[in-house]
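Have the sequence and the 3D view open side by side. This report walks through one model, from its inner space to its backbone.

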2 protein chains.
Amino acid sequence: MPSRYAKLGVDVKKRGVEAFKERLEVLFPEAFCPIQRDPDAPGRGLVAHTDSAGSKPVQSYLHWRETGDPRWFRGLAQDVVAMNLDDIICVGADPLCFLDYVALNPLKVDKEALLKALAEGFGGCFSTLDRYGVKVLFSGGETADLPDQMRTLDVSGSIFGRVDLEKVVTGQRIREGDLIVGLRSGGRTVYERGENSGIMCNGLTLARLSLMDGEYQRRYPELGEPGGRRYRGRFKFDDYLDELGMTVGEALLSPTRLYAPVVKRILERCGGAVHGLVHNTGGGVTKCLRVGRNIRYVKDHLPDPDPIFLLIQREAGVEWREMFEDYNMGIGFEVIVDAESAEEVLSVADSFKLGAQVIGRCERGEGEKALIIRSRFGVFRYP
Amino acid sequence: MPSRYAKLGVDVKKRGVEAFKERLEVLFPEAFCPIQRDPDAPGRGLVAHTDSAGSKPVQSYLHWRETGDPRWFRGLAQDVVAMNLDDIICVGADPLCFLDYVALNPLKVDKEALLKALAEGFGGCFSTLDRYGVKVLFSGGETADLPDQMRTLDVSGSIFGRVDLEKVVTGQRIREGDLIVGLRSGGRTVYERGENSGIMCNGLTLARLSLMDGEYQRRYPELGEPGGRRYRGRFKFDDYLDELGMTVGEALLSPTRLYAPVVKRILERCGGAVHGLVHNTGGGVTKCLRVGRNIRYVKDHLPDPDPIFLLIQREAGVEWREMFEDYNMGIGFEVIVDAESAEEVLSVADSFKLGAQVIGRCERGEGEKALIIRSRFGVFRYP
């Protein structure tokens with residue numbers, strides 16, 4: 001049965017990309033990201049990655065149209081930096097440089113205002129990262145005026161990094177008895193300016209369509225594909241909900257947390273005890289299935305999902321099994337670690353005021369990787 | 001007065017990107033691409049670049065819809081590789097790795113067929129390059145399902161390269177008396193399978209709208225922004241024109257030539273005599289204004305533009321002055337070289353059966369960079 005998402009035209013499982021995979025020579029197939037050997041330095045790996053802010057820019061556009069304030073675009077900069085940087089740190093890579101790519105419909109979007117907001121956003125990100133010892137060169141990028149292709153805009157980026165092949169977090173050492181420490185996507189760390197809903201960058205299509213009032217699409221037809229897939233929510237973007245502690249729009253646009261400052265410290269402190277790192281983007285809580293070999297991940301101590309996820313589930317009527325595949329459900333990053341070192345990981349997280357807890361453990365698999373989630377919403381097995 | 005292009009929603013001069021520039025620390029401001037110092041190797045520069053195939057994918061989509069044949073998407077792979085690779089070689093950089101990024105509307109585009117065609121295209125490009133000693137690692141990429149943002153699709157990529165700081169083609173050495181050797185964008189080199197119209201990747205919006213029959217937009221509204229900017233041409237994509245020696249659609253979709261094999265050989269043979277390299281993408285024949293300092297470029301021996309440019313000019317009624325800014329007009333790449341070495345550059349080009357000729361020279365400027373084009377269509381001064 002096609003999931004809710006497939007019906008919306010978003011292929012969460014990304015079958016299509018297989019066509020490219022065969023062209024990639026990859027050193028560590030169990031690692032989170034492809035690592036290639038540096039042709040000029042055989043002991044070093046190259047890690048290159050590209051990703052976008054998904055459909056989050058559509059929500060920013062809606063806020064901008066309603067308020068006239070381009071600062072609603074600002075958080076997208078952090079979204080694309082996080083979507084790229086926090087993927088490559090999962091293999092222990094050091095980032096080198098980042099490029100952004102913005103494709104837009106200049107007949108709808110005020111390009112200058114957009115680029116100014118994004119430049120401020122990028123500036124803020126790279127300063128914050130720098131303060132915590134994460135150096136990323138900003139290498140510029142491209143802005144493409146594509147009025148025929150874009151209804152509104154798309155914001156993506158790419159990152160290049162390097163890693164000593166001896167220090168790669170390969171995923172191969174994940175083993176029975178390892179603990180899974182979950183790092184929260186919501187709340188507020190010491191290096192952030194405000195509360196975060198925890199939404200990150202995935203599942204935004206479903207979230208927007210099921211929460212935002214249909215009136216918006218009548219007002220701005222460019223918000224989406226004409227026909228069929230109408231907005232069917234009952235909220236205005238500026239409706240404040242007590243359960244969220246913020247407006248619905250703020251919850252949808254909370255920028256994806258940057259985990260790099262914390263993960264850097266964790267790797268410094270725990271080094272070889274870290275067997276796996278997982279950024280819970282597309283695939284949500286099931287993302288750990290990307291790493292390791294012959295392991296059954298058991299997650300039976302997940303925290304209660306942040307309120308935005310409960311709201312989306314209620315309003316969209318999505319099965320819980322699917323919610324865990326579409327959303328991070330409050331855990332944006334996972335550190336798979338030797339049982340003895342879990343406390344140390346928790347203490348590093350705590351020093352940043354980043355919520356963290358042991359959410360599960362690793363068991364020996366039965367030939368294949370598997371994940372079991374035991375939650376108050378039910379027991380779910382993946383894949 | 002806004003140009004034809006500004007009216008179509010495409011900002012050829014890219015004023016918007018200035019907002020980002022201030023965040024870039026660049027070593028050689030007169031060079032074609034930004035070069036940053038490698039933090040781990042002070043004698044080495046990093047060159048990162050991202051660019052798209054512009055609106056060319058819209059034309060591919062039209063052919064695919066009309067014929068059912070996804071191979072019309074294949075050339076877009078070469079387009080994005082060329083748009084990235086041939087920009088960074090302009091500073092003498094060696095490419096290291098390439099990523100692609102495809103954003104699409106999966107409700108319109110057959111994703112699997114598209115990705116298969118692109119994978120074949122990338123495979124072909126990297127094999128050809130490899131055969132001529134240009135090694136580029138293909139590092140994968142991302143396919144984003146963005147049905148609300150994309151009417152059809154956007155294909156972009158990013159590349160990462162390195163250069164010894166002592167070998168950078170900085171543009172600083174361009175001087176009075178240097179000759180400008182133009183490399184053709186049309187025709188067929190020894191490493192290509194068919195005749196090329198020379199169109200490359202810029203100016204496609206104007207070209208499509210002024211050549212393609214309005215019937216197509218009625219049939220496929222997703223070809224463009226609704227209203228106003230209708231297709232107003234009188235050709236079907238498969239109309240064969242004697243003057244083109246191919247169909248109109250083939251002329252619009254000729255893949256951007258890869259110059260890297262030839263430029264590599266030129267740098268090996270002529271080394272320090274090469275003072276500037278220019279890839280005539282956005283900005284067309286005026287692109288040389290990006291490099292050098294206090295130089296007046298005089299182009300008075302341009303070849304007659306390839307037939308596709310004459311056709312676009314005639315059908316769109318564009319001023320010649322603007323044609324030289326929007327299109328490469330038959331010269332896709334320029335080598336600015338010591339007068340004594342021009343013959344050697346021509347002989348390298350000839351060994352690849354790549355058309356080439358001295359198209360002009362460098363004179364001392366009057367404080368600013370300037371370009372004079374003397375052609376049978378008139379004399380034009382830029383900026």
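This is a predicted model: local features need pLDDT of at least 70, side-chain atom pairs count only at pLDDT 80 or more; totals for chains, interfaces and linings use all residues.

Residues are numbered from 1 along each chain as its sequence is written, chains are lettered from A and ligands numbered from 1 in the order in which they are written, and side-chain values use heavy atoms, with hydrogens and water left out.

**The cavity**

Rolling a probe the size of a water molecule over the atoms shows where empty space is left. A cavity here is a set of points, on a 1 Å grid over the protein atoms alone, where a 1.4 Å probe fits but cannot get out; lining residues have an atom within 4 Å of a point. Grid points are joined across faces, edges and corners, and a volume is the space filled by probe spheres set on the points.

How many cavities of 30 Å³ or more does a search of the whole structure find? It finds one. The largest cavity holds about 70 Å³ of space. Its lining has 14 residues. Nearest its centre lie Thr50(A), Tyr101(A), Ser158(A), Thr50(B) and Ser158(B).

Helices (H or I, at least four residues) and strands (E, at least two) are DSSP runs, numbered from the N terminus. Strand 3 (94-104) and strand 5 (153-164) of chain A each supply at least two residues of the lining, and so do strand 3 (94-104) and strand 5 (153-164) of chain B. By class, the lining has four nonpolar, eight polar and two charged residues. Ala, Val, Leu, Ile, Met, Phe, Trp, Tyr, Cys and Pro count as nonpolar, Asp, Glu, Lys and Arg as charged, and the others, Gly among them, as polar.

**The nonpolar cores**

Buried means under 20% relative accessible area, exposed over 50%, and partly exposed in between (1.4 Å probe, protein chains only). A nonpolar core is a set of buried Ala, Val, Leu, Ile, Met, Phe, Trp, Tyr and Cys residues joined through side-chain atoms within 4.5 Å.

The largest nonpolar core has 119 residues. Met212(A), Tyr297(A), Ile308(A) and Val335(A) have the most contacts inside it. Apart from that core lies another, of 117 residues, among them Met83(B), Leu85(B), Phe126(B) and Ala207(B).

Contact means heavy atoms within 4.5 Å. Leaving out residues up to four places away in sequence, Tyr297(A) touches residues including Ile174(A), Cys288(A), Ile336(A) and Leu371(A).

Helix 4 (residues 75-88) of chain A has 14 residues. The expected span of a helix is 1.5 Å times one less than its number of residues. For helix 4 of chain A that gives 20 Å, and its end C-alpha atoms are 20 Å apart, which agrees. Of its 14 residues, 13 are buried.

Helix 10 (residues 307-316) of chain A has buried residues too, including Ile308(A), Phe309(A) and Leu311(A). Gly317(A) follows helix 10 of chain A, with a positive phi near 65 degrees.

**Single residues**

Buried or exposed: which is Ile331(B)? Ile331(B) is buried, because its relative accessible area is 2%. Ile331(B) sits in strand 11 (residues 331-337) of chain B. Its contacts include Gly182(B), Asn280(B) and Ile359(B), not counting residues up to four places away in sequence.

Glu142(A) is in strand 4 (residues 137-145) of chain A. At 10% relative accessibility, Glu142(A) counts as buried.

Arg173(A) is partly exposed, at 44% relative accessible area. It lies in the loop between strand 5 and strand 6 (179-184) of chain A.

**Backbone angles**

Most residues other than glycine have a negative phi, and most peptide bonds are trans. The table lists exceptions.

| Site | Feature | Angle |
|---|---|---|
| Lys353(A) | positive phi | near 55 degrees |
| Lys353(B) | positive phi | about 55 degrees |
| Tyr382(A) to Pro383(A) | cis peptide bond | omega about 0 degrees |
| Tyr382(B) to Pro383(B) | cis peptide bond | omega near 0 degrees |

Lys353(A) is in the loop between helix 12 (342-351) and strand 12 (356-364) of chain A. Lys353(A) is exposed, because its relative accessible area is 60%. Lys353(B) counts as exposed at 60% relative accessibility. Pro383(A) lies in the segment after strand 14 (378-382) of chain A.

How values were computed: On a 1 Å grid over the protein atoms alone, a cavity is a set of points where a 1.4 Å probe fits but cannot get out, and a pocket is an open set with protein on both sides within 12 Å along at least five of seven lines; lining residues have an atom within 4 Å of a point.
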